[in-house]
Amino acid sequence: MALSDSVTTCLSPPVHYMICKLGFEKKDTYDISNILSENGEVCWQAVTEHVCYLESDQSVDYIKSIRSLGPVCESVNLHFKSLTKEQFVIQYALWFHWTNYTELFLEVFDVLQYTESTEVALGLMKLTSCLERALGDVYLLIGKDCPFLLRDLLASEELAVVFGQAVMNVLRVFIGSPYGLNLRNVLWHGFASPQEIPAKYCAMLLFLTAGLGQLLQTYLQQTKCVLVHRPYVIFVSLEELDVFPGKYSAISKFLLCYLTHETLSIAEELVKLSSFVLKPMLPFWMAALTAFKQSRYADCVILLLPQLEVGLRLLFTTTNKCPSRLLTAEVKFLSKVNYDLMLAKHLDNEEINQLPAVLEEPAMASEFLWDFLNHQEGPRIRDRLSHGEINLEAFPREAANQIVAFAIILLCRFSDENMFAFKEHMVIKPLLNRASCYRSQFHPISRLKKQVLECMQSIHVWPELPTVPEEHIQTIKGLEGNAEASTLNLMITEIISQLQQYVPQNWCSSDDPINSVLTERLLIELCDTPVCTLYSPRPVLETLVVLRKISRQCHQVSEQVIASTELRYKQWMNKTLRSRQRHNYRRMLNSIKFLSPVLRLILVLISLELVNVHLVCKKNPFDYQQYLKFLKSVLQYTENLVTYTSPEKNKWDETMELTNKALIKIRKISDRKLMLMQLAT
């Protein structure tokens, strides 16, 4: 029997007792009128009286508080069930406006009428993320930097000022504190199955959110403050999220972006058979696939992400021989046995994490998860969804498509041999093939490659820029020729001759070293060279930070040259340039002749260093610091170039002197063989 078949709960006994039993021990019937006035206001004093405190330090006694609040929650749940939708809207809708998402809370009311466990759990996950976002907006009425963690937000003095400490303690019984019910984290980390979340707790949080709206209105009226809602995060460059194919036509070989209903139907069969799925969690999987079919993409991903986490946790705990951690929804482990730990190279006891090896394609699984969930420049879908940073109604299909496709791959990978037919199916096999060659898109290494190519494309435009004919320029008196530019190009040629041995042989030409080596095609080949992105050590990341800054400055110089060239040409043709501006225009055109090869040289240097970036770990501390010092000097040069080529400065002559010093330094470092590419030989 597979372990996934034998697991009946992922809640440890103490947590299971707290969530599923503790709030049901008191059988008292609680009158709703005790906490709800005739005019529809929440009587907070009556609610807060149910929060108990320890005699030792007056901190919240969560066990007694949950037991005491149990009947209150049941009363609220029955109260909501007694209302029609119209009655609920009239009485409560106004008090949800402060959340900036009233429709969500009305939707949760609808869910509570039918008490379907999966939908209740989904409603609770969405409610808590939206509530956290709204509380963060309230925090910013007083504070400056909103805490990232919900527990820190609820414990903040700022929210206590607005709502009162007693009110915040009520909230902490339900969410935010690892010592309480901790409903948000237990659900978002995939520890609770649908049937383990009592609907009455969802009802109580709905009720409390309305009560918070009433308290906030009073505070705003008294202080004359205005609540400002932070804008939602918007996904840009959605094409970067399109990793896996959805529909593949063998005739046209054309790749469409979306999963088909046929693929989803196969996925539903895989869910029932795959050892990756814990049986108590099966309803979450089926609901996620149904949500995708219904174009409810945010719901689909909200349901699916915790299940990917629990499935990977099952593999993690099995392969690393720590099965008890599958159940660790407890204080000291809940925040640790998550994606960060499962994707780490080492366990917290410094032993090697065995999960990547079990995944068979560690680059695919680990890099995909890092890309979509963890990397700072990636979509960070789980963080942003769980913290309420995304407009759920506008969640992109492209993102949901990738998460579902990745889930299907894991379902296939951890299935029995008799499921071979599924893996060979014409709509599944392209997903598996694409996964086997997946490369990170949002790791700093990948972003640097993208930056280099974008910068080169910008420089590639220069020869096509409109310029005044040379004979017209020669009519300007008092200007030197191209001697300085020629000298600089000679230095560039000398440096290239030193670097040719590190460049692929087919790119070297003794007749024209500058134009044969400093080409876009060479950069494309170098940037296409695989570089390990998993488990990058600190020296690698520090080096990448400087290289990326250099690349950004180069790109800005290029864009400024393009803008200045186009503007000055237009002014020249319209005869609106004064004498001094005409002289400056000539200097700019002269500078472009050496700026193009020097920028291309820097991009080639960046690319060669990038290909060998992991060799930086072989440098001793002194050499490493010397190497960083060199890179920072190149960065300083490019920053100065940005300043001198800006429309405000226009110091084109000064760029020659700057470039001369920078090239001398590059040649000196090359002579000393301190570059990473030179360590590779």
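# Briefing: salt bridges, surface and fold

In this predicted model, Glu542 and Arg538 pair through their side chains in a salt bridge, at 2.9 Å from N to O. The two residues sit four apart in helix H28, about one turn of the helix. The protein chain contains 32 helices and two strands. Its salt bridges come to 20.

**Overall fold**

- The protein chain has 681 residues, and buried residues make up 56% of them.
- Among contacts with a separation of 6 or more, 75% join residues 24 or more positions apart.
- The chain exposes about 29900 Å², and carbon and sulfur atoms supply 53% of that area.

- How exposed are the two partners, Glu542 and Arg538? Glu542 is partly exposed, with a relative accessible area of 28%.
- Arg538 has a relative accessible area of 63%, so Arg538 counts as exposed, the cut-off being over 50%.
- Side chains of opposite charge can pair when their charged atoms come close.

**A network of salt bridges**

- Glu107, Lys126, Arg296 and Asp299 belong to one network, joined by salt bridges that share partners.

- Glu309 and Arg382 form a side-chain salt bridge, with N and O 2.7 Å apart.
- Glu309 belongs to helix H15 (residues 297-319) and Arg382 to helix H19 (residues 381-386), so this pair ties together parts that are 73 residues apart in sequence.

**Salt bridge between two loops**

- Arg439 and Asp528 form a salt bridge, and their closest N and O atoms are 3.5 Å apart.
- The pair links distant parts of the chain, 89 residues apart.
- Arg439 lies in the loop between helix H22 (429-436) and helix H23 (444-460).
- Asp528 lies in the loop between helix H27 (520-527) and helix H28 (538-573).
- Arg439 is partly exposed, at 42% relative accessible area. Asp528 is partly exposed too, at 48%.

**Positive surface patch**

- Which residues gather in a patch of positive charge on the surface? They are Lys629, Lys665, Lys668 and Arg672.
- Lys665 is part of helix H31 (residues 652-671).
- Lys665 is partly exposed, with a relative accessible area of 43%. Patch residues need over 30%, so Lys665 passes that cut-off.

- Where is Cys52? Cys52 is in the loop between helix H3 (44-48) and helix H4 (62-81).
- Its relative accessibility is 23%, so Cys52 counts as partly exposed.
- Leaving out residues up to four places away in sequence, Cys52 touches Ser59, Val60, Asp61, Lys64 and Ser65.
- Ser65 is 13 residues from Cys52 in sequence, and their C-alpha atoms are 5.1 Å apart.

**Ile492**

- Ile492 belongs to helix H25 (residues 483-499).
- With a relative accessible area of 0%, Ile492 is buried.
- Ile492 and Ile666 are 174 residues apart along the chain, and 9.7 Å separates their C-alpha atoms.

- Most residues other than glycine have a negative phi.
- Lys575 has a positive phi, near 55 degrees, and is not a glycine.
- Lys575 lies in the loop between H28 and helix H29 (579-611).
- Lys575 is exposed, with a relative accessible area of 76%.
- Asn650 also has a positive phi, about 55 degrees, without being a glycine.
- Asn650 lies in the loop between helix H30 (621-644) and H31.
- Is Asn650 buried or exposed? Asn650 counts as buried, because its relative accessibility is 14% and buried means under 20%.

How values were computed:
Residues are numbered from 1 along each chain as its sequence is written. This is a predicted model: local features need pLDDT of at least 70, side-chain atom pairs count only at pLDDT 80 or more; totals for chains, interfaces and linings use all residues. Side-chain values use heavy atoms; hydrogens and water are left out. Patches are made of residues with over 30% relative accessible area and no salt bridge: like charges are joined within 9 Å, nonpolar side chains (Val, Leu, Ile, Met, Phe, Trp, Tyr) within 5 Å. Accessible areas come from the Shrake-Rupley method with a 1.4 Å probe; for residues, only the protein chains shown count as cover. A salt bridge is a side-chain nitrogen of Lys or Arg within 4 Å of a carboxyl oxygen of Asp or Glu. Lys and Arg count as positive and Asp and Glu as negative; His and the chain ends are not counted. The place of a charge is taken as NZ of Lys, CZ of Arg, CG of Asp or CD of Glu. Buried means under 20% relative accessible area, exposed over 50%, partly exposed in between (1.4 Å probe, protein chains only). Contact means heavy atoms within 4.5 Å.
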